[in-house]
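Visitor: I have a new model open and would like to learn how to read it. Could you walk me through the features one by one?

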Amino acid sequence: MSLTNSFENSLLALIFNATAIANIADNAASSPATNLYVSLHTADPGETGSQTTSEAAYTSYARVAVARTTSGWSAPSGGATSPVANIDFPAGTGGSGTDTHFGIGLSSSGAGTLLMSGTVTPNIVTGNGVTPRLTTATSVTAD
């Protein structure tokens with residue numbers, strides 16, 4: 001069994017754009033999330049990982065908040081969404097590593113809930129003076 005294309009788009013719109021799914025889900029919690037936090041990882045955090053699993057650790061690294069609206073994420077189409085603008089992480093002031101995955105979660109720091117993760121292609125080599133970037137071509141797919 002798989003999700004229909006229409007429901008994939010609706011589910012992504014609920015998560016990324018805070019758009020209700022009529023008669024199934026809404027965004028009316030007492031304090032719904034207003035941002036999703038994008039993270040970089042040096043390995044696949046996997047389906048049981050948290051936001052800190054294999055998370056990047058170069059000096060100055062921090063997760064980036066992206067608004068949970070259509071100004072932060074594109075309207076889902078074809079079971080996918082993308083950031084509306086490039087996601088630039090803080091420039092490295094030391095350390096190094098290779099980021100192979102990105103994650104999307106609910107917390108700005110700590111071992112928060114990781115909702116989704118995917119590969120970064122090409123990988124991002126971090127270090128002093130490097131500003132890691134996920135472009136608007138970065139796709140999040142529910143399939």
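This is a predicted model: local features need pLDDT of at least 70, side-chain atom pairs count only at pLDDT 80 or more; totals for chains, interfaces and linings use all residues.

Visitor: What is the phi of Asn23?

Guide: Start with the general idea: most residues other than glycine have a negative phi, and most peptide bonds are trans. Asn23 has a positive phi of about 70°, although it is not a glycine. Ala18 is also not a glycine and has a positive phi, of about 60°. Ala18 is found in the loop between α1 and β1.

Visitor: Which peptide bond is cis?

Guide: Look at the one joining Thr121 and Pro122, where omega is about -5°. Pro122 sits in strand β6.

Visitor: Back to Asn23 for a moment: is it buried or exposed?

Guide: The scale is relative accessible area: buried means under 20%, exposed over 50%, and partly exposed in between (1.4 Å probe, protein chains only). Asn23 comes out at 84%, so it counts as exposed. Ala18, at 25%, counts as partly exposed. For the protein as a whole, 39% of the 143 residues count as buried.

Visitor: How many helices and strands does the protein have?

Guide: There is 1 helix and there are 8 strands. Along the sequence the pattern reads α-β-β-β-β-β-β-β-β.

Visitor: What about overall size: what is the radius of gyration?

Guide: That value is taken over C-alpha atoms, and the globule rule is 2.2 Å times the number of residues to the power 0.38. A compact globule of 143 residues would come near 15 Å, and the protein has 15 Å, which agrees. Its C-alpha trace spans about 50 × 30 × 30 Å along the principal axes.

Visitor: Now the inside. How many residues does the largest nonpolar core have?

Guide: A nonpolar core is a set of buried Ala, Val, Leu, Ile, Met, Phe, Trp, Tyr and Cys residues joined through side-chain atoms within 4.5 Å. The largest one here has 20 residues, and those with the most contacts inside it are Val38, Trp73, Phe89 and Leu134. At least two core residues come from each of α1 (5–17), β1 (35–41), β2 (64–67), β5 (97–105) and β6 (114–126). β1 gives the most, with 3 residues.

Visitor: Which residues does Val38 touch?

Guide: Contact means heavy atoms within 4.5 Å. Leaving out residues up to four places away in sequence, the partners of Val38 include Trp73, Phe89, Phe102 and Leu134. Looking across the protein, among contacts between residues at least 6 apart in sequence, 71% join residues at least 24 apart.

Visitor: How many aromatic pairs are there?

Guide: A pair of aromatic rings is described by the distance of the centres and the angle of the planes. Rings of Phe, Tyr and Trp (its six-membered ring) pair if their centres lie within 6.5 Å; planes under 30 degrees apart count as stacked, over 60 as edge-to-face and the rest as tilted. By this rule the count is 3. Tyr58 and Tyr61 have ring centres 5.6 Å apart and planes at 70°, so that pair is edge-to-face. Tyr61 and Phe89 are stacked, with 6.2 Å centre to centre and 15° between the planes. Tyr61 lies in the loop between β1 and β2 and Phe89 in the loop between β4 (87–88) and β5, so this pair ties together parts 28 residues apart in sequence. Ring pairs link Tyr58, Tyr61 and Phe89 into a cluster.

Visitor: Last one: how many salt bridges does the structure hold?

Guide: A salt bridge is a side-chain nitrogen of Lys or Arg within 4 Å of a carboxyl oxygen of Asp or Glu. The structure holds 2. In one, Glu55 meets Arg63, with the closest N and O atoms 2.8 Å apart. Glu55 counts as buried at 17% relative accessibility, and Arg63 counts as buried at 11%. Arg133 and Asp88 form a salt bridge with their closest N and O atoms 2.6 Å apart. This pair links distant parts of the chain, with Arg133 in strand β7 (residues 133–134) and Asp88 in strand β4, 45 residues apart. Arg133 is partly exposed at 43%, and Asp88 is partly exposed at 36%.

Technical notes. Residues are numbered from 1 along each chain as its sequence is written. Side-chain values use heavy atoms; hydrogens and water are left out. Helices (H or I, at least four residues) and strands (E, at least two) are DSSP runs, numbered from the N terminus.
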